[in-house]
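Colleague: Please take me through the side-chain contacts in this entry, one kind at a time.

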Amino acid sequence: MNVKSRARTGAALAVAALGLGAVLAPAAQADPNPVTQYRTLAGVGSDTTQDVLNGLGDVVVNAFNQKIIASWNATGTATIKTKTTGCVINRPNGSSAGIDALRNAVDTNSGCLDFARSSRGPVDTTSTDLTWIPFAKDAVSWVKRSDSALPANLTAAQLKDIYECNLTTLNGVALTPLLPQANSGTRQYFLSSIGVTTPGSCVTQGAQENDGTVLDTAGDIAPYSVAQYTAQEKAVVTDRRGAAVLGSVASVAPRNADKTLNLSFPFTRDVYNVVPTPKLTNATVASTFVGSTSKVCAAATTIANYGFGTLGANCGTTTLKGER
C-alpha cells in the first residue's frame, strides 16, 4: 500500500486529538465513560458514526434510566474490553473491520459484540446472516485546503480521473489525491460513487478518514463525511478539519445555507447499525434499533446535532440483509 509518512503522521494526530475528546467535545466522550461501564449492547466500527453513537449512548436508556449502548471509537488504545468477563479484542478501525469483528463474535459465540457501526451497506446481499439497520442520512464530498488554488467544484468524472491518475493538475496545481485506510466505509462509498474500482498509483492511501490535518499541500484532496465535517465545525466533536474546506460536485453543494445536509447532493448515503439477524427478536436490540419508534430513531435531535439528516419512517427498517 502506498502510504506516505505524512498520512501516518496525520493518523497519529487524529488519535492524539481523540484522546482530548473529554476536554474539547462537550456532547459525548470517546468510548464508554468510564470504560469499565459494561452496558448491554457493545459496538465497534465506523469512524464516521462513532461520535453520534457516543452521543446516542448518553441518551438511550432503559426503564431503570441505565445507559444501554457502549460504542468504542475507531482509534485509540490498541485493544478494548467490551464485556465484564474476557472480551479483550483488537480495536476495529472502520466499517469493514467492525463488521468482521461482529461476525467473529457470532461465529465464536463469544458474546463480546452486539452490533457494528457501518457507513456502507453489505457487500453480499445473498446472505441473511447480518441485518443493516439505517438510522441516519449522510453525504460524502471531497475536501481541499482553504488556501489552495484548486477549484471549489468538481464533477464526478473529474474526481474519477483524479483518483485513476488520469488528471494530475488543475489550475496549475499538481494534484495529490488521498484515500482513507482500507477498512473505511467512506473510502468504499466514495470510490463507488465516482466509478473507481482500483485507485491509481498516484493516490496516497492509509490516512485516517475525516481528518483534514493530513492535507498539507495545495494539491491535496480527500473524501470527507459531510456530517463529520459539520459536527467538527460546530465543535460538537473534536475538530480535525485543519485547513480543509468542503467542495461541491457538479455545482451542487453538500450543505444547505444553514449548514444542514443537502439531500439533493449527488453522493448521499444511509448509515447503519449492523446486528446479527437472529438478534432482531432480542427485546433490547429491537427496542434500541428496530423501527421508527425505536430508542435510537426517536433520538432525532441528537442525530441532527451531529450533522446527520434524519430518516423519519425509514429509520430502523430491517429489510437490508447481507454479509461483508
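Colleague: To begin, how do the side chains of Asp 100 and Arg 103 meet?

Modeller: Asp 100 and Arg 103 form a salt bridge, with 3.0 Å from N to O. The term stands for a side-chain nitrogen of Lys or Arg within 4 Å of a carboxyl oxygen of Asp or Glu. Please note that this is a predicted model, in which local features need pLDDT of at least 70 and side-chain atom pairs count only at pLDDT 80 or more, while totals for chains, interfaces and linings use all residues. Residues are numbered from 1 along each chain as its sequence is written, and side-chain values use heavy atoms, with hydrogens and water left out.

Colleague: Where do Asp 100 and Arg 103 sit relative to each other?

Modeller: Both belong to helix H4, and because they are 3 residues apart, about one helical turn separates them. Helices (H or I, at least four residues) and strands (E, at least two) are DSSP runs, numbered from the N terminus.

Colleague: How many salt bridges does the whole structure have?

Modeller: The search finds 15. One of them joins the side chains of Lys 83 and Asp 114, at 2.9 Å from N to O. That pair links distant parts of the chain, 31 residues apart: Lys 83 is in the loop between strand S3 (79–81) and strand S4 (88–90), and Asp 114 is in the loop between helix H4 (95–108) and strand S5 (115–118).

Colleague: Is Lys 83 buried or exposed?

Modeller: Lys 83 is buried, with a relative accessible area of 15%. Asp 114 counts as buried too, at 7%.

Colleague: Which residue does Lys 160 pair with?

Modeller: Lys 160 pairs with Glu 164, their closest N and O atoms being 2.9 Å apart. Lys 160 is partly exposed at 28%, and Glu 164 is partly exposed at 25%.

Colleague: Which residues are linked in a network of salt bridges?

Modeller: The network links Glu 233, Asp 239, Arg 241, Arg 255 and Lys 259. Arg 241 has a further contact: it lies over the face of Tyr 229, at 5.3 Å from the ring centre. A charge sits over a ring if NZ of Lys or CZ of Arg is within 6 Å of the ring centre and within 35 degrees of the ring normal.

Colleague: Staying with rings, how many aromatic pairs are there?

Modeller: There are 4 aromatic pairs in the whole structure. Among them, Tyr 224 and Tyr 229 are edge-to-face, with 5.6 Å centre to centre and 80° between the planes. Rings of Phe, Tyr and Trp (its six-membered ring) pair if their centres lie within 6.5 Å; planes under 30 degrees apart count as stacked, over 60 as edge-to-face and the rest as tilted. Tyr 224 is buried at 2%, as is Tyr 229 at 5%. Phe 265 and Phe 267 have ring centres 6.0 Å apart and planes at 80°, so that pair is edge-to-face. Phe 265 is buried at 3%, and Phe 267 is buried at 7%.

Colleague: Changing topic, how many disulfides does the structure hold?

Modeller: It holds 3 disulfides, a disulfide being a pair of cysteine sulfur atoms within 2.5 Å. Counting bonded cysteines along the chain, the pattern is 1-2, 3-4, 5-6. Cys 87 and Cys 112 have their sulfur atoms 2.2 Å apart, and the link is left-handed, with -85° about the S-S bond.

Colleague: Which parts of the chain does the Cys 165 and Cys 202 pair link?

Modeller: The sulfur atoms of Cys 165 and Cys 202 are 2.0 Å apart. This pair connects the loop between helix H5 (156–163) and strand S8 (169–170), which holds Cys 165, with the loop between helix H6 (185–194) and strand S11 (204–207), which holds Cys 202; the two are 37 residues apart. Cys 202 is partly exposed at 30%.

Colleague: What is the torsion about the S-S bond of Cys 297 and Cys 315?

Modeller: The torsion is about -90°, so this disulfide is left-handed. Cys 297 is in helix H9 (residues 295–298) and Cys 315 is in the loop between helix H10 (300–305) and strand S16 (320–322), 18 residues apart. Cys 297 is buried at 9%, and Cys 315 is buried at 4%.

Technical notes. Buried means under 20% relative accessible area, exposed over 50%, partly exposed in between (1.4 Å probe, protein chains only).
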